[in-house]
Amino acid sequence: MTAQAPSDKPANTIKIDGREIPFEPGDTIIRAAHRAGIDIPHYCWHPGLSVAANCRMCLVELPPPPGRPAMKLDVLQWDASKNAYVYSNKPKLQPACQQACAPGMEVLSESSDNVAQARAAVQELLLLNHPVDCPICDQAGECRLQDYWLLHQRSKKRMKQEIVHKPKATSFGPTIVYDAERCIVCTRCVRFCDEVAKDPVLDERERGNLKEIIVSPGRQLDNNYTLMTEHVCPVGALTSKDFRFKARVWFLRSARTICQGCATGCNAYFDFDPRSNTPHRHRPRENKDVNAYWMCDIGMLSYRDAVENRLLEASVGTGPSTVEEAVSAAKDLLGNVGAKPERVAIVLSAQHSLEDNWALFTLARTYLGTDRFFVTGKPLGEGDDVLLSEDRNPNTAGVLKLCEGTPPRPLGDLLKMADQFDSVIALGSHVEVDPKELGAALKGKKVVVIAAHEGPLSKLAKVALPACSWAEVDATYVNKKGRVQTSERALAARGSALPGWQLVGKLGRALGFATSWRKLSELRKAMAGGDAALPSSPESAKGTEAQP
Ligand code: SF4
Ligand code: SF4
Ligand code: FES
């Protein structure tokens, strides 16, 4: 037998409607198409879940290779001239989500009339008993039934009978409501719970048009990933109690953010209404190296932190003030701190961005001449094996990297060493220590705090300056694997808040130092050329816009 020349080896490509695309071993047609940016309509397929092939929306035609007979299906077809159904046959279509790619395979999707008819028929079947709740359905505007009706059906309903009614507004647990009439039983939610959340609490019941999704008897849908079931649902059958009836999605805009809920740093979209500067949702943005397609409930609900419990105005003592007055008061309070730098404690925050921490780190080390750093943030929580980290701070790794060579001590150490300090300049308000003990340790100290939120540190401050929250700035975070990621600004700053690094710059200038960065571009330039041990350039926010 002669060895096959390399050039004879069939290339790992298929053709979809005449366009040649590559595939990888094990790819199905839809996966290869998805990677190449070709949309094959689908409901039940999701790139992060197993294949169910139950909706049949992804049917494609596969012309046989030369010399092989086509697989045919006997059908009854309406013949208008005979006013009757007649026997006929059609190519047997295949689900693109299940059919494996083979070298040289021809696939007809948009270019096949048989496929167009099949997609219209599948759509008609799925909508047969659908309540068409669109005017009151939260999915409207991002519902695949709506989109595919427009793209693949566009015909009026032929069924005149009353639809099959099924349970509506069934509570599945603390976060999710189920509407069985809207459900197309694609089982994405069932597979998600089983395969990703590892809590197989959902299943199907009954057959045919009586089928519905149920929760295991005696259980609720109450794991760490319940909101993802709503997110993977391609229609309005699962809705989130948090988002229900709050907003119409076509009024919302999205920013590409990094979740602030823990050290995993999941990539997200932050949906907000620009008319009222109000946040509404946090949902996953695909990044295979960080969170794949998923987020946890804590992260998905963390959009609220951008606006809740905020420190919005400056204060001096117990009274409100303007930011300028407060900066001047901070200067008077701190006095000539540079004369005794070892008496100043600098508290960095794993809750704040790399920019904010860099600014304070630089003011302290380069200008004040101290390296007495501490780091604080939210206390540890319970983690899991999916995404959620015990460390509930988005930038612990960033602070540690920034302070390479002068590692910051935990805030608990400041309580023990408090008598070594006269002044404290702190970023952030959250602490992992007992607030009462912190209050006792810092009693009588000159405490200046720059924070986005109210908390134990801002309450102790003699001067407090209001910083923008993470959703109000472009900022950089380093996740627990050392990945440097940028988060986009979504909201306009509330109250008198300014970016934390800008406030540090103002404070530095008031103290007589050349902390001259007034714009983010200036700050980032200084960061890139500074002497602080910064991680390599941040990865810009990226991800697919379309939901899979
Ligand atoms: S509830 Fe949604 S995700 Fe679950 S089976 Fe029904 S349509 Fe699919
Ligand atoms: S795992 Fe962490 S980063 Fe990811 S969504 Fe949850 S809280 Fe946010
Ligand atoms: S996406 Fe292929 S059958 Fe549902």
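1. Asn 395 sits in the loop between strand 19 (373-376) and helix 9 (396-402); helices (H or I, at least four residues) and strands (E, at least two) are DSSP runs, numbered from the N terminus. This is a predicted model, in which local features need pLDDT of at least 70, side-chain atom pairs count only at pLDDT 80 or more, and totals for chains, interfaces and linings use all residues. Residues are numbered from 1 along each chain as its sequence is written, and side-chain values use heavy atoms, with hydrogens and water left out.

2. Asn 395 is buried, at a relative accessible area of 0% (buried means under 20%, exposed over 50%, partly exposed in between; 1.4 Å probe, protein chains only). A polar atom of the Asn 395 side chain lies 2.9 Å from the backbone nitrogen of Val 478.

3. The structure has 28 salt bridges (a side-chain nitrogen of Lys or Arg within 4 Å of a carboxyl oxygen of Asp or Glu). One of them joins Asp 27 and Arg 35 (2.8 Å, N to O); Asp 27 is buried at 4%, while Arg 35 is partly exposed at 44%.

4. Arg 483 and Asp 289 form a salt bridge, with the closest N and O atoms 3.5 Å apart. The two residues are 194 residues apart and link distant parts of the chain. Arg 483 is partly exposed, at 21% relative accessibility.

5. Around ligand 1 there are 14 residues, of which Cys 183, Cys 186, Thr 187, Cys 189 and Cys 233 come nearest (near: a heavy atom within 4 Å).

Definitions and conventions:
Chains lettered and ligands numbered in written order. Polar contact = N/O pair within 3.5 Å; in protein donor to acceptor, adjacent residues only side chain to side chain.
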